[in-house]
Amino acid sequence: SIRGGGHHLSTIQTKARKMTTTSTTSQSPKKQQQQQQQHQKRKTILQKIISLLTAQPFLLGLLIRLTLALLLPIFLDDGVLLKGVKYTDVDYYVFTDAAIHVFN
């Protein structure tokens with residue numbers, strides 16, 4: 001029934017709240033403060049990066065392009081991402097084979 005499902009959901013939420021409150025109360029106040037400071041530092045750094053990339057769309061485009069240029073060949077040619085799909089074009093192999101043949 002719907003009521004039973006709602007009761008079950010509220011029971012899970014109550015248990016989750018208890019777990020989070022017991023985990024935070026079992027820590028010392030100094031450790032809690034350190035964790036909050038670390039979280040705030042990470043949040044501040046992330047906000048600075050996001051504001052820089054949105055203010056400078058050229059940097060964002062460059063970052064995306066370099067990331068794809070570095071990671072796609074690794075993921076696709078090694079079969080990590082898609083099995084049997086090659087990122088490298090067949091023409092690459094034709095030209096490299098020809099260059100090796102001419103070199104020898």
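Helices (H or I, at least four residues) and strands (E, at least two) are DSSP runs here, numbered from the N terminus.

Before we go on, a word about what we are looking at. This is a predicted model, where local features need pLDDT of at least 70, side-chain atom pairs count only at pLDDT 80 or more, and totals for chains, interfaces and linings use all residues. Residues are numbered from 1 along each chain as its sequence is written, and side-chain values use heavy atoms, with hydrogens and water left out.

So how confident is the predictor? pLDDT is its confidence in each residue, from 0 to 100. The mean for the protein is 76, and 68% of the residues reach 70 or more. Among the elements, helix 1 (residues 2–25) has the lowest mean pLDDT, 54, while helix 4 has the highest, 88. Over residues 1–6 the pLDDT is below 50, and beyond near neighbours in sequence this stretch has zero contacts in the model; contact means heavy atoms within 4.5 Å. Where pLDDT is low, the predicted coordinates should not be read in detail.

Let's move to helix 4, residues 90–103. Its 14 residues reach 20 Å from the first C-alpha to the last, close to the 20 Å expected at 1.5 Å a residue; that expected span is 1.5 Å times one less than the number of residues. How many residues of helix 4 are buried? The number is zero, so helix 4 lies largely in the open. Buried means under 20% relative accessible area, exposed over 50%, and partly exposed in between (1.4 Å probe, protein chains only). In the protein, buried residues make up 4% of the 104.

Now, please find helix 3, residues 57–77, where Leu-70 sits. Is Leu-70 buried or exposed? Leu-70 is exposed, with a relative accessible area of 59%. Leu-82 is in the loop between helix 3 and helix 4, and at 43% relative accessibility it counts as partly exposed. Leaving aside neighbours within four places in sequence, Leu-82 is in contact with Phe-75 and Leu-76.

Finally, look at helix 2, residues 29–55, which holds Ile-50. Ile-50 is partly exposed, with a relative accessible area of 47%. Ile-50 and Leu-60 are 10 residues apart in sequence, and 9.4 Å apart in space, C-alpha to C-alpha.

Methods
pLDDT is the predictor's confidence in each residue, from 0 to 100.
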